[in-house]
Amino acid sequence: MGISELYNLYLQHPVITTDSRNCPEGSIFFALKGESFDGNAFAGAALEKGCAYAVIDEKEYAREGDPRFILTENVLTTFKELAREHRRHYDIPVIGITGTNGKTTTKELVSAVLSERYHVMHTEGNFNNDVGVPKTLFRMDRSHDVAVIEMGASHPGDIRKLVEYAEPTCGLITNVGRAHLQGFGSFEGVMQTKGELYDYLKAHEALVFLNGSNPYLTSMAQDRNLQRIVSYGQTDDVNFSGEVIGNDPYVRFRWRELNGEWREVQTQLVGAYNIDNLMAAVAVGKHFLVSDEEIRHALENYTPSNSRSQLVETGKNKLIVDTYNANPTSMAAALDNFIGMQVDMPKMAILGDMRELGEQSAEEHQKIVDGLKDIPEVWLVGEEFGRTRCDFRKFKDVGAVKEAIRSECPEGRYILIKGSNGIRLFELPELL
């Protein structure tokens, strides 16, 4: 069955599922595979639970004579091609966003700004991979005026694959940093892979929103001779410039168009490093004719979630909870911001291992530890931090930290909690 024929079938059954435990009546089940499961084995059960069709790529799982089984060479490829076919039925701006850090926050800020004037379809949660992006595309419908698609990567070529299906009409890279080095091999590998978004946009003569204050991004843009650019950043030579004017703990910043008047915005974001994410939202919003007042309203009312730089005030302490992810670049930025904050409580940091750094893991963890001298109290969690050379307290895992918190009851502190999601530091705030 070709993609056009399958899409016609999809129009008759416009609900997709990849989970045999969730089979809405009349939906189409795609038998995707994972590291520990083969969706083909659940295709029959999906049909029995209510699916109208099941797309499989292993013939032995099809019931002879049952037309509800659709056999294809590769289910994931078919899934993505069908999502692209669906995306092509909507002639609306599609904004592609990738980067090492800040892409989810930027996606949410851009979506909030655009939502002041348009009906926006955007990536939900962290659905930014090979499966998540197609799922997001399937959510497009006639009510949407614009789409904002987040794209993640952990290996070379990941972004190239995603843009081939999302087909963005414009886009931006938030930054490039030292993350997923085990998959990329090097920082240069990170730059090359993230730059695949620029490659696609240039090939299609599409618009790039460029952080002109970021030397890596400007170099990547110059190497590709990008022509269609709207620039933003923290210098005076960009289309939209901004600067932090308060960080106690929420970021207050001001921005202006080139040679224009300053406009101030009080946000609910913690971390001065968010200025780049905020300015990206300003630049995108202005390009799409969102008014200055609408931009201010959107940015002042946006509240972070998902344990991303959230300020949590308990009866005992004030916490900056940033436990969704961590890499050397984001960890250094969070610590620099925390060290620079003027607060009237003793500071404390609970830091968890940074995952997927490969051979450079020991070096990167040691660099972080070496920069912690200005924080009076530091707890390090995980095997990688455990191998560093330092006098800070070390814990094998989050369970050991919980025991220490219960016995010592830290109180009256301003605490930064940051680490990779797998270290599970998100379990700590309720104890502090």
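Arg68 is partly exposed, with 30% relative accessible area (partly exposed lies between buried, under 20%, and exposed, over 50%; 1.4 Å probe, protein chains only). The model is predicted: local features need pLDDT of at least 70, side-chain atom pairs count only at pLDDT 80 or more, and totals for chains, interfaces and linings use all residues. Residues are numbered from 1 along each chain as its sequence is written, and side-chain values use heavy atoms, with hydrogens and water left out.

Arg68 forms a salt bridge with Asp66 at 3.0 Å, N to O (a side-chain nitrogen of Lys or Arg within 4 Å of a carboxyl oxygen of Asp or Glu). Asp66 is buried, at 16% relative accessible area. Side chains of opposite charge can pair when their charged atoms come close. The whole structure holds 29 salt bridges.

A further salt bridge joins Glu196 to Arg160 at 3.4 Å, N to O. Glu196 lies in helix α9 (residues 196–203) and Arg160 in helix α6 (residues 158–166), so the pair ties together parts 36 residues apart in sequence. Helices are DSSP runs (H or I, at least four residues), as are strands (E, at least two), numbered from the N terminus. Glu196 is buried, at 8% relative accessibility. Arg160 is partly exposed, at 43%.

Lys286 and Asp292 also form a salt bridge, at 2.8 Å, N to O. Both residues are buried. Salt bridges link Lys286 and Asp292 with Glu257 and Arg263 in a network.

Glu430 is exposed, with a relative accessible area of 71%. Glu430 sits in the segment after β19 (414–418). Glu430 and Ile320 are 110 residues apart in sequence and 13 Å apart in space, C-alpha to C-alpha.
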